[in-house]
Amino acid sequence: VISSIADRITVTFDVPTNLQGLQNPSRVMTPVGDLSGCLDLFSPAFVATLGQTIPECRWSANGRQVVITVGSMATFRPGDVVEFKQ
């Protein structure tokens, strides 16, 4: 689901997750240097569409959603594929 002003993408899972093993109490996938923490879950090609500034990925409290806050100049559009890391 893309927010009404296209600044966030919410990915919802229909089964419980393990939060990708995340231990951070804020549930934010921690960036490494200038690389987005979103790369822990999503493919580099998908993350590249999320903008020039580092996008943020945060797990919901129940572990069934990841909210992606996109950066400036994002090229991801409604209908594009969300691609997971293999």
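Student: In this predicted model, what makes the group containing Ile9, Phe42, Phe46, Leu50, Cys57, Val66 and Ile68 a nonpolar core?

Tutor: A nonpolar core requires buried residues of the nonpolar kinds, joined through side-chain atoms within 4.5 Å. The largest such core holds 17 residues, and the seven you name touch the most other members. Strand 1 (8–12), helix 1 (44–48), strand 2 (56–59) and strand 3 (65–69) each contribute at least two residues to this core.

Student: Which residues count as contacts of valine 66, its neighbours within four places in sequence being left aside?

Tutor: The criterion is heavy atoms within 4.5 Å. Valine 66 has such contacts with Ile9, Thr10, Val11, Phe13, Met29, Leu41, Phe42, Cys57, Arg58 and Trp59.

Student: Why are strand 1 and strand 2 said to stand at the edges of the sheet?

Tutor: The sheet is open, with 3 strands in the order 1-3-2 and antiparallel pairing. Strand 1 and strand 2 each have a single partner strand, so one side of each lacks a neighbour in the sheet. From one strand to the next, the twist averages 20 degrees.

Student: What makes Phe13, Phe42, Phe46, Trp59, Phe76 and Phe84 a cluster?

Tutor: Rings pair if their centres lie within 6.5 Å. The structure holds 5 aromatic pairs, and ring pairs link these six residues into a cluster.

How values were computed. Residues are numbered from 1 along each chain as its sequence is written. This is a predicted model: local features need pLDDT of at least 70, side-chain atom pairs count only at pLDDT 80 or more; totals for chains, interfaces and linings use all residues. Side-chain values use heavy atoms; hydrogens and water are left out. Buried means under 20% relative accessible area, exposed over 50%, partly exposed in between (1.4 Å probe, protein chains only). Helices (H or I, at least four residues) and strands (E, at least two) are DSSP runs, numbered from the N terminus. Two strands pair if DSSP finds at least two bridges between them. Axes are lines fitted to C-alpha atoms, for helices over the stretch in contact, and angles run from 0 to 180 degrees between N-to-C directions. Rings of Phe, Tyr and Trp (its six-membered ring) pair if their centres lie within 6.5 Å; planes under 30 degrees apart count as stacked, over 60 as edge-to-face and the rest as tilted.
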